[in-house]
Amino acid sequence: MKAKSVIVFSLTMVVVTTAGFRMHDQENPWPVPDKFTNMKNPVKPDEESLKTGKALWLKHCQSCHGKSGLGDGSKAAQLKTDPGNFSVAAFQKQTDGAIFYKTSEGKDDMPSFRKKIPDQDDIWSVVNFVRTLKK
């Protein structure tokens with residue numbers, strides 16, 4: 001009986017924590033300046049760009065966002081904010097410029113990558129790779 005109580009408590013905590021992340025995201029939206037929302041991706045999503053984007057993703061993004069962008073990386077549980085699921089339509093309907101801005105600038109647990117990935121074309125390649133993570 002005691003083991004059942006522990007399991008029920010653990011599952012309840014997962015649900016409450018997940019709901020808290022979702023509420024935080026709704027209460028704390030991530031505004032993107034119009035300049036970036038309307039910005040077009042200058043890097044074509046060709047084989048070279050996708051290869052570069054994937055390599056940078058694996059190096060810098062996978063630990064929080066997971067290998068497939070589901071928000072299930074090895075560091076995700078340690079974050080105060082939900083790393084998100086990049087495969088869902090709500091994420092994918094953002095403009096390339098919005099994703100570029102968020103990657104470059106960061107917010108809360110999401111670090112800025114302006115210095116870690118100083119070549120803007122490389123950040124655009126990450127954006128191109130993120131587009132492959134659709135469901």
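This briefing describes the core, helices, aromatic pairs and cysteines of a predicted model. Local features need pLDDT of at least 70 and side-chain atom pairs count only at pLDDT 80 or more, while totals for chains, interfaces and linings use all residues. Residues are numbered from 1 along each chain as its sequence is written, and side-chain values use heavy atoms, with hydrogens and water left out.

**Nonpolar core**

- The largest nonpolar core has 21 residues; such a core is a set of buried Ala, Val, Leu, Ile, Met, Phe, Trp, Tyr and Cys residues joined through side-chain atoms within 4.5 Å.
- Buried means under 20% relative accessible area, exposed means over 50%, and partly exposed lies in between, with a 1.4 Å probe and protein chains only.
- Trp57, Phe86, Phe100 and Val130 have the most contacts inside this core.
- Helices α3, α5 and α6 are the elements that give two or more residues to the core, and α6 supplies the largest share, 6 residues.
- Helices (H or I, at least four residues) and strands (E, at least two) are DSSP runs, numbered from the N terminus.
- In soluble globular proteins, nonpolar side chains tend to be buried together.
- Apart from neighbours within four places in sequence, Val130 is in contact with Trp57, Phe86, Phe91 and Gln92, where contact means heavy atoms within 4.5 Å.

**Helix α6 and the segment after it**

- Helix α6 is largely enclosed by the rest of the structure, because 8 of its 11 residues are buried.
- The buried residues of α6 are Ile123, Trp124, Ser125, Val126, Val127, Asn128, Phe129 and Val130.
- Their cover includes α3 (47–65), α4 (89–92) and α5.
- At the start of α6, a side-chain oxygen of Asp119 reaches to within 2.9 Å of the backbone nitrogen of Asp121.
- Such a polar contact is a pair of N or O atoms within 3.5 Å; within protein, one must be able to donate a hydrogen and the other to accept it, and residues adjacent in sequence count only if both atoms are side-chain atoms.
- Arg131 sits in the segment after α6 and counts as buried, at 18% relative accessibility.
- A polar atom of the Arg131 side chain lies 2.5 Å from the backbone oxygen of Gln94.
- Not counting residues up to four places away in sequence, Arg131 touches Phe91, Gln92, Gln94, Thr95, Asp96 and Ile99.

**Helix α5**

- In α5, 8 of the 10 residues are buried, so this helix is largely enclosed by the rest of the structure.
- Among the buried residues of α5 are Gly97, Ile99, Phe100 and Tyr101.
- What covers the buried residues of α5 includes α2 (34–37), α4 and α6.
- Just after α5, Gly106 takes a positive phi of about 70 degrees.

**Aromatic pairs**

- The structure holds 6 aromatic pairs.
- The rings of Phe86 and Phe91 are stacked, because their centres are 4.0 Å apart and their planes are at 10 degrees.
- Rings of Phe, Tyr and Trp (its six-membered ring) pair if their centres lie within 6.5 Å; planes under 30 degrees apart count as stacked, over 60 as edge-to-face and the rest as tilted.
- Phe86 and Phe91 are both buried.
- Phe100 and Trp124 also form a stacked pair, with 4.2 Å centre to centre and 10 degrees between the planes.
- This pair links distant parts of the chain, with Phe100 in α5 (residues 96–105) and Trp124 in α6 (residues 120–130), 24 residues apart.
- Phe100 is buried at a relative accessible area of 4%, and Trp124 is buried at 3%.
- Phe36, Phe100, Tyr101 and Trp124 form one aromatic cluster.

**Cysteines and Gly73**

- A search of the whole structure finds 0 disulfides, a disulfide being a pair of cysteine sulfur atoms within 2.5 Å.
- The cysteine sulfur closest to that of Cys64 is in Cys61, 8.7 Å away, which is too far for a bond.
- Cys61 is buried, with a relative accessible area of 10%, and Cys64 is buried, with 18%.
- Gly73 lies in the loop between α3 and α4 and is buried, with a relative accessible area of 11%.
- The C-alpha atoms of Gly73 and Ser63 are separated by 4.6 Å, although the two residues are 10 residues apart along the chain.
- Leaving out residues up to four places away in sequence, Gly73 touches Gln62, Ser63, Cys64, His65 and Gly66.
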